[in-house]
Amino acid sequence: MAATVFADLDAATMQTGAEGYGLIRDAAVAVEDGRIAWVGPEAEMPATWARAPRTGLGGRLMTPGLIDCHTHIVFGGSRAREFEMRLEGASYEQIARAGGGIASTVAATRAATEAELTAAALSRADTLIAEGVTVVEIKSGYGLDRETELRMLRAARAVARQRPVRVRTTFLGAHAVPPGQNADAYLDEVCLPTLRAAHAEGLVDAVDGFCEGIAFTPDQIARVFAAARDLNLPVKLHAEQLSHLGGTALAARMGALSADHVEYASVEDAAALARAGTVAVLLPGAFYTLRETQAPPLDAFRREGVAMAVATDWNPGSSPLGSLLLAMNMACTLFRLTPAEALAGTTRHAASALGLDDCGTIALGLRADLAVWDLTDPAELSYRIGGNPLHRRIYGGEA
Ligand SMILES: [Zn+2]
């Protein structure tokens, strides 16, 4: 591929160690073979790049392509009616009796073909892509049986083949205990054998679990993590969302890529995350939908130097949120992140939460996954509620 230069832009590079956004005014970015070959003030661009075709961006803001590092966008059915019933006054018990809750998503996902799951996930991926997302993580976890878990992961891989977006797949067989089953028996007989089968088929980039009173205990999650370690797969964990069970400490001890939700994490947990280099993934969409009141311990995270990512957690139950920009706004308004922290959370730290070191900042040698916005101030990305200021998305150097 020939070299290209993007110029007449302000670059929020988000580089490690840079202040705030790592902003370079009047910048240029040279791209060659899908990688960033040079970035800096245009006035200092080496003469070697002067002969390359130049695309002027009219003074617009460029950021790294956004990364949604926690989603569940492969699923069947809809929970809109359940949402409506609840607001019409139905109790949780009435909704459960009507087949609602995660059981309804499991039933609809089991009933869907791979083509149907893929089509629905593509539509959701398109919504994220339209906002400048270039990497999306997708979890399984609505099958809770071997065939459906595999089908979900195949659908997630299909998204990457059919759209210009990178997909990182996460096996989340330990999402919920299927109704009427014993948790330990489910792990031994279904979840762990399915993990090994999915890995053998090349469908798994990481392994996740849900450590909560309504799901799995830390001891049970530790068994899932041990199985992941045997397969050389990195782990992450839904931890400390609704109570403090010790999942965050477990994740840190196991060197997890991330601990996600973490509203009930303690000061000690924050120190453990920092020591382990485990990213805290903040999911304000679920906090908002469930009308939670306990926010994650931001002061402790900052004091200890915990890397914080922000994601949509897009799922049909607790976070039907199809906008990473809105997640950034919510993280600022509900959790008090600064806009610079929110943008780091959907770029550099989101890459770390997925174990990726070739994207997430605008820096020499990284993938040219970039977003160009009809904005001049990077704080506007978090400030706005609604609307989509994306001007152009560049994926692997291709506009
Ligand atoms: Zn989740």
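Is glutamate 380 buried, partly exposed or exposed? Glutamate 380 counts as partly exposed, because its relative accessibility is 24%, where buried means under 20% relative accessible area, exposed means over 50% and partly exposed lies in between (1.4 Å probe, protein chains only). The structure is a predicted model, in which local features need pLDDT of at least 70 and side-chain atom pairs count only at pLDDT 80 or more, while totals for chains, interfaces and linings use all residues. Residues are numbered from 1 along each chain as its sequence is written, and side-chain values use heavy atoms, with hydrogens and water left out.

**Salt bridges**

- Across the whole structure a search finds 20 salt bridges, a salt bridge being a side-chain nitrogen of Lys or Arg within 4 Å of a carboxyl oxygen of Asp or Glu.
- Glutamate 380 is paired in this way with arginine 384, and their closest N and O atoms are 3.1 Å apart; arginine 384 counts as partly exposed, at 31% relative accessibility.
- Glutamate 137 and lysine 139 form another salt bridge, with 2.7 Å between the closest N and O atoms; glutamate 137 counts as buried because its relative accessibility is 0%, and lysine 139 is buried with a relative accessible area of 1%.
- Arginine 223 and aspartate 184 meet through their side chains in a salt bridge of 2.7 Å, N to O.
- This pair links distant parts of the chain, 39 residues apart, with arginine 223 in helix α7 (residues 218–230) and aspartate 184 in helix α6 (residues 183–200); helices (H or I, at least four residues) and strands (E, at least two) are DSSP runs, numbered from the N terminus.
- Arginine 223 counts as partly exposed at 28% relative accessibility, and aspartate 184 counts as partly exposed at 33%.
- A network of salt bridges links Arg79, Glu82 and Arg86.

**Zinc site**

- The zinc ion has as its protein donors His70 (NE2), His72 (NE2), His238 (NE2) and Asp313 (OD), which lie 2.1 to 2.4 Å from it; donors are N, O and S atoms within 2.8 Å of the metal (3.2 Å for Na, K and Ca), and water is not among the atoms, so sites may look incomplete.
- Along the sequence, the donor residues of the zinc ion follow the spacing H-x1-H-x165-H-x74-D.
- Histidine 238, in strand β9 (residues 236–239), and aspartate 313, in the loop between β12 (308–310) and α12 (324–335), link distant parts of the chain, being 75 residues apart.
- Histidine 238 is buried, with a relative accessible area of 3%, and aspartate 313 is buried, with a relative accessible area of 1%.
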